[in-house]
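Colleague: I would like to learn how to read a model like this one. Please take the features in turn, with the general idea before the case.

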Amino acid sequence: MLRLVLIGLLAGLFSALLGVGGGIVAVPLLILLAHFEERPAMATSLAAIGLIAFVGAVSYAFHGELKVGAAAVVGLPAAFGAVAGASLQQRLANRTLTLAFAALLAAVAVYLLV
């Protein structure tokens with residue numbers, strides 16, 4: 001339980017600070033520290049992102065930084081993308097998911113370093 005709380009704190013911190021938290025922070029930590037399999041880690045992260053995003057958006061709104069229209073234009077198609085992604089994820093082998101996720105993290109790391 002303590003590990004999950006710490007993962008949540010880190011995911012929330014990085015989400016509000018840098019705009020990342022779910023896939024980049026929470027999923028790897030759930031896999032490495034809480035010993036989740038990939039699918040439950042991804043599903044748990046997605047559920048947590050909803051809470052993290054709501055609280056973060058409200059915090060930014062209090063500071064006048066939230067653009068509601070732009071959020072809707074980005075968020076509504078993203079919701080459809082999430083449904084498509086979840087459907088595709090259920091069809092992929094565990095090893096394929098692991099390699100695809102590792103490739104994504106490596107690509108992000110290289111991009112940020114360059």
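Modeller: Helices (H or I, at least four residues) and strands (E, at least two) are DSSP runs, numbered from the N terminus. In this predicted model, local features need pLDDT of at least 70 and side-chain atom pairs count only at pLDDT 80 or more, while totals for chains, interfaces and linings use all residues. Residues are numbered from 1 along each chain as its sequence is written, and side-chain values use heavy atoms, with hydrogens and water left out.

Colleague: How many helices and strands does the protein chain have?

Modeller: There are five helices and zero strands. Along the sequence, the pattern of the protein chain reads α-α-α-α-α. Its C-alpha atoms fill a box of roughly 45 × 35 × 35 Å along the principal axes.

Colleague: How do I read burial, and what share of the protein chain counts as buried?

Modeller: A residue is buried under 20% relative accessible area, exposed over 50%, and partly exposed in between (1.4 Å probe, protein chains only). Of the 114 residues in the protein chain, 17% are buried. Accessible areas come from the Shrake-Rupley method with a 1.4 Å probe, and for residues only the protein chains shown count as cover. The protein chain has an accessible surface of about 8,100 Å², and 77% of that belongs to carbon and sulfur atoms.

Colleague: Which residues make up the largest nonpolar core?

Modeller: A nonpolar core is a set of buried Ala, Val, Leu, Ile, Met, Phe, Trp, Tyr and Cys residues joined through side-chain atoms within 4.5 Å. The largest one here has 11 residues: Ile7, Ala11, Val25, Ala26, Val27, Leu29, Leu30, Ala41, Met42, Ile52 and Phe101. At least two residues of this core come from each of H1, helix H2 (22–32) and helix H3 (38–62). H2 gives the most, with five residues.

Colleague: What does leucine 30 touch?

Modeller: Contact means heavy atoms within 4.5 Å. Not counting residues up to four places away in sequence, leucine 30 touches Leu4, Ile7, His35, Phe36, Ala41, Thr44 and Ser45. One of these, histidine 35, is found in the loop between H2 and H3. Histidine 35 has a positive phi of about 60 degrees, although it is not a glycine. With a relative accessible area of 58%, histidine 35 is exposed.

Colleague: How do I read a charged residue, and where does glutamate 38 lie?

Modeller: Lys and Arg count as positive and Asp and Glu as negative; His and the chain ends are not counted. A salt bridge is a side-chain nitrogen of Lys or Arg within 4 Å of a carboxyl oxygen of Asp or Glu. Glutamate 38 lies in helix H3. Glutamate 38 is buried yet has no salt bridge, and the nearest side chain of opposite charge, arginine 39, is 6.9 Å away. Leaving aside neighbours within four places in sequence, glutamate 38 is in contact with Ile31 and Thr98.

Colleague: Which residues form a nonpolar patch on the surface?

Modeller: Patches are made of residues with over 30% relative accessible area and no salt bridge: like charges are joined within 9 Å, nonpolar side chains (Val, Leu, Ile, Met, Phe, Trp, Tyr) within 5 Å. Here Met1, Leu2, Leu4, Val5, Leu6 and Leu9 form such a patch, with about 650 Å² of accessible area together. Leucine 2 lies in helix H1 (residues 2–18). Leucine 2 counts as exposed because its relative accessible area is 62%.
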